[in-house]
Amino acid sequence: PHSRRALASRPRGGAAMAPRSGKAAAAAPADAAASPKRPRPVVDARAVAEEVLRLGAAGQHAAVLRVLGDDVKEGGSAAVTRKAFLRLSMIIHPDKLPGYSEATRAFQALVTAFDRTTRRIVDAGPVKRHTAIGRTNEGCFRTEVLCPRCNVPWGQKSEGNPEYYYNLMMEGVRSFSCATCLLNFGCLTAIHKCPFCARVFEYSPEQYHSKITCGNKDCTKRFGFLNFHASERAMEAARDAARLELEKQTRTLEATQGRAARAARRAGSPGANFEEKRFAMGLGNVCPRCGMELEDYEDGDQLRHLRTCTDASAHAAHRERMKEQAEEAQEAARRAKAQLSAQSSAVWSISGGRPEQLWMLDIEQLRKRCTRERLSTRGARDALIARLVEKMCATGKQRVGVDLPKDLHKLSDAEVAAVCAAHRIKGVRGREEQLEALEELRLDKAFPAALEGPAAAKAIVDLPAAQKPAARGPPAAKAMGKAERPKAKPTAKKLLAVAKRVSAKGVAKAKVKAKGRPKVKAKASIAKAKSSLKKR
């Protein structure tokens with residue numbers, strides 16, 4: 001019989017508070033003196049880290065978490081496992097062992113043990129998952145990767161990136177930023193050096209799981225590329241990050257190309273003397289003839305310089321420099337385009353390689369796959385995607401599911417059409433109707449069977465009407481124009497939301513009016529508004 005008052009008087013630790021009577025208060029110091037407080041045990045953090053490394057290398061993941069005596073078992077209590085992990089992480093974290101060189105490896109072994117111990121086997125269903133390629137690292141090296149702008153090595157320990165980021169870089173899944181100059185680059189735009197002769201060689205993501213030679217003179221040794229271990233949780237996070245990065249880069253590239261096209265249309269075709277006229281008007285500080293830069297100039301200095309700029313050798317040297325810069329810019333643009341293309345293929349593969357995910361591929365990768373499947377390579381992206389989807393689903397082993405980009409409304413018209421083609425949405429024209437069809441897929445969380453029938457366009461425009469056989473009409477309704485197509489009826493969810501919103505406003509107004517009325521009339525008004533809310 002513990003009353004609420006007695007329970008409330010206890011401290012958070014669960015032990016009862018010290019009694020307030022005189023005898024008990026006098027006996028408390030004697031008891032404390034009779035049973036002195038036990039000293040806190042001292043733990044050798046370095047010895048614990050070495051034991052974690054030894055057990056982790058042996059593959060005894062549960063034993064790693066039992067180093068401090070916790071009762072951790074495979075598939076046991078998640079709370080006990082997490083508590084053991086937190087206790088160990090507070091001891092062997094690299095910040096706690098600044099003088100121990102193997103602290104980072106020990107902590108990574110602890111994280112891997114915790115992930116393996118708490119992992120649950122989940123049935124993935126018919127969706128194909130990306131499986132890691134099992135191979136040895138015999139004869140493999142962690143090749144040196146340099147930034148193409150500042151030539152600083154990438155992936156150093158001071159950057160704080162995990163080791164498996166090397167896998168993502170070399171497979172072309174992600175691009176990374178240089179810690180020195182903040183340039184964003186990938187495996188195709190980076191500089192790679194041979195581990196034997198330390199000279200630069202050309203690299204492609206297809207070479208990651210094979211042994212190659214650098215191709216330089218007097219260097220014939222074959223080498224491979226290291227494949228670091230990564231937990232399934234880390235790979236899942238890497239897949240999500242790579243997918244978001246690919247979507248962002250695709251949108252940025254489309255926006256850049258659109259701005260460049262609009263600027264070219266406004267400017268038209270400039271004449272031969274366009275740069276000289278612009279320089280003479282004071283709109284530039286670099287001479288288009290000799291390349292001389294005027295840092296501090298006054299009005300009219302550019303025009304006076306053009307009148308005296310007659311050195312033919314300086315003009316020829318400047319033209320040669322400009323030609324080299326243009327070639328370098330073209331090569332950089334080609335490499336960036338190839339990097340984005342390879343990244344789209346790697347992200348599609350690591351995400352599962354499903355038909356509904358073909359919108360991730362760019363037009364170059366789609367043409368390669370069409371050539372491999374002996375399909376026509378003519379047409380835009382949506383046409384190529386439609387052919388590949390039909391080919392992949394022809395055998396019956398794969399079915400189209402639902403996998404949509406994160407921000408549908410930020411996509412361009414071509415991207416929206418590509419997503420619709422990947423989900424086999426046909427007969428729907430116009431951006432608004434296509435977005436409405438894709439939103440229906442997102443909300444339903446399942447692929448509507450009506451989309452595969454003859455009334456696909458009508459099912460997309462008016463899904464509730466398409467479910468009624470009498471209201472569907474002849475197949476000729478598919479070819480109706482936009483003006484003749486019937487308007488979409490509001491769904492039950494929309495009607496319910498509108499009714500709740502209107503009724504809620506009615507209840508609020510009734511409460512406001514009730515302030516100046518007698519109590520009986522005010523209660524009757526509020527009750528009437530609430531009853532209408534329930535009916536609706």
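Here is a friendly chat about the aromatic rings in this predicted model.

Colleague: How many aromatic pairs does a search of the whole structure find?
Modeller: That search gives 11 aromatic pairs.

Colleague: Why is the pair of F85 and F114 called stacked?
Modeller: Their ring centres are 4.5 Å apart and the planes meet at 20 degrees. Pairing needs centres within 6.5 Å, and planes under 30 degrees apart count as stacked, so F85 and F114 form a stacked pair.

Colleague: Which parts of the chain does this pair link?
Modeller: Distant ones: F85 belongs to helix α5 (residues 78-92) and F114 to helix α6 (residues 103-118), with the two 29 residues apart.

Colleague: What makes F85 count as buried or exposed?
Modeller: Buried means under 20% relative accessible area. F85 has 13% relative accessibility, so F85 is buried. F114, at 12%, therefore counts as buried too.

Colleague: And how do you know whether Y208 and F225 are stacked or edge-to-face?
Modeller: The planes of Y208 and F225 are at 25 degrees, with ring centres 6.5 Å apart, so this pair is stacked. The limit for stacking is under 30 degrees. Y208 sits in the loop between β6 (200-201) and β7 (224-225), while F225 is in strand β7, 17 residues away. Both Y208 and F225 are buried.

Colleague: Which residues do ring pairs link into a cluster?
Modeller: The cluster holds F141, F196, F201, Y203, Y208, F223 and F225.

Colleague: Where does R174 lie relative to Y165?
Modeller: R174 is over the face of Y165, 5.8 Å from the ring centre; the distance cut-off for a charge over a ring is within 6 Å.

Key
Residues numbered from 1 in each chain as written. Predicted model: local features only at pLDDT ≥ 70, side-chain atom pairs only at ≥ 80, totals over all residues. Heavy atoms only, no water. Phe/Tyr/Trp six-rings, centres within 6.5 Å; stacked < 30°, edge-to-face > 60°. Helix = DSSP H or I, 4+ residues; strand = E, 2+ residues; numbered from the N terminus. Buried < 20%, exposed > 50% of the residue type's maximum accessible area, 1.4 Å probe, protein only. Lys NZ or Arg CZ within 6 Å of the ring centre and 35° of its normal.
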